[in-house]
Amino acid sequence: MSANTIDINQRMNRFDRHHSVWLFGYGSLIYKADFPFIQRRPARIHHWVRRFWQGSHDHRGTPEAPGRVLTLASQPGAVCEGMAYLITPQEFEHLDRREKNGYLRLATAIEFADGEQVEGLFYVAREDNSAYLGPATETEIAAQIAAAQGPSGSNRDYVLHLATALRQLGEDDAHVFAIERYLNNRGTD
Ligand code: SIN
């Protein structure tokens, strides 16, 4: 599958007739809401974990030196905490462009803190997209992130902003915090 998913995602019309739909964010969508929303609520999805396994050619890296950004890996029983936004379907015009580098906009069950469940959407980059980098050790991931930057800023800032936002949500994400620790120990080299 090509890395540019805009055309595929714009055919995802399941919620087009709805006045509003919930979008679950687990990465930059937690801390960078550059779109109008009606409401925002901390939420979680089940059976997924955050992993820095997706290459970024367009935001936090370049085609020659890709950064590493988050996608989700399937893990039965796991819980991934994040932020859900109630938005109108018109916002997908912008969001599909923002998340174009390999992410598919798919339906998912979203659960709020009070146990209420809704069907909504998330963006997930699967192994079959050409920007996918896959697993590496946390040291290797941190080294690649420390060296990468792109039009949206340094890859390091992506991690540091995310780690701060996760702490504000009360989330203890061992993978993200380990990479943050490596980055802080390396300084800015
Ligand atoms: C997300 O935040 O939900 C998707 C991945 C990203 O944009 O960092």
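Predicted model: local features only at pLDDT ≥ 70, side-chain atom pairs only at ≥ 80, totals over all residues.
Colleague: Let's start with helices. At what angle do α4 and α6 pack, and how far apart are their axes?

Modeller: For any helix pair, look at the angle and the axis distance together. Here helix α4, residues 138-147, and helix α6, residues 174-186, pack at about 55°, and their axes are 9 Å apart. That angle makes α4 oblique to α6. As for handedness, α4 passes α6 in a right-handed crossing.

Colleague: Which residues make the contact between α4 and α6?

Modeller: On the α4 side you'll find Glu138, Thr139, Ile141, Ala142, Ala143, Ile145 and Ala146. From α6 come His175, Ala178, Ile179, Tyr182, Leu183 and Arg186. Sorted by class, the residues of this contact are nine nonpolar, two polar and two charged.

Colleague: And at what angle do α5 and α6 pack?

Modeller: Helix α5 covers residues 155-168, and its angle with α6 is about 130°, with the axes 10 Å apart. The crossing of α5 and α6 is left-handed.

Colleague: Which residues of α5 and α6 touch there?

Modeller: α5 brings Arg156, Val159, Leu160, Leu162, Ala163, Leu166 and Arg167, while α6 brings Val176, Phe177, Ile179, Glu180, Leu183 and Asn184. By class that contact holds nine nonpolar residues, one polar and three charged.

Colleague: What is Ile110 in contact with, beyond its sequence neighbours?

Modeller: Leaving aside residues within four places in sequence, Ile110 contacts Trp22, Leu23, Phe24, Ala43, Arg44, Ile45, Ala84, Glu116, Gln117, Val118, Gly120 and Leu121.

Colleague: Trp22 is on that list. Is Trp22 buried or exposed?

Modeller: The thing to check is relative accessible area, and under 20% means buried. Trp22 counts as buried, because its relative accessibility is 10%. You'll find Trp22 in strand β1, residues 21-25. Trp22 and Ala84 are 62 residues apart in sequence, yet their C-alpha atoms are 6.2 Å apart in space. Beyond its sequence neighbours, Trp22 touches Gln39, Arg41, Ala84, Tyr85, Leu86, Ile110, Phe112, Val118, Gly120 and Leu121.

Colleague: Phe112 turns up there too. Where is Phe112?

Modeller: Phe112 is in strand β4, residues 103-112. Phe112 is buried, at a relative accessible area of 0%. Its contacts away from its sequence neighbours are Trp22, Arg41, Pro42, Ala43, Arg44, Ala84 and Val118.

Colleague: Can we do a loop residue? Where is Pro89, and what does it touch?

Modeller: Pro89 sits in the loop between β3 and α3. Pro89 is buried, with a relative accessible area of 10%. Not counting residues up to four places away in sequence, Pro89 touches Phe15, Asp16, His18, His19 and Ser20. Pro89 and His18 are 71 residues apart along the chain, and their C-alpha atoms are 7.3 Å apart.

Colleague: Last one, on the backbone. What is the phi of His47?

Modeller: Most residues other than glycine have a negative phi. His47 has a positive phi of about 75°, although it isn't a glycine. His47 lies in strand β2, residues 39-56. With a relative accessible area of 44%, His47 is partly exposed.

How values were computed
Residues numbered from 1 in each chain as written. Heavy atoms only, no water. Axes fitted to C-alpha atoms, helices over the stretch in contact; angles between N-to-C directions. Helix = DSSP H or I, 4+ residues; strand = E, 2+ residues; numbered from the N terminus. Parallel < 35°, antiparallel > 145°, perpendicular 65-115°, else oblique. Left-handed = near helix turned anticlockwise from the far one by under 90°. Contact = heavy atoms within 4.5 Å. Nonpolar A, V, L, I, M, F, W, Y, C, P; charged D, E, K, R; others polar. Buried < 20%, exposed > 50% of the residue type's maximum accessible area, 1.4 Å probe, protein only.
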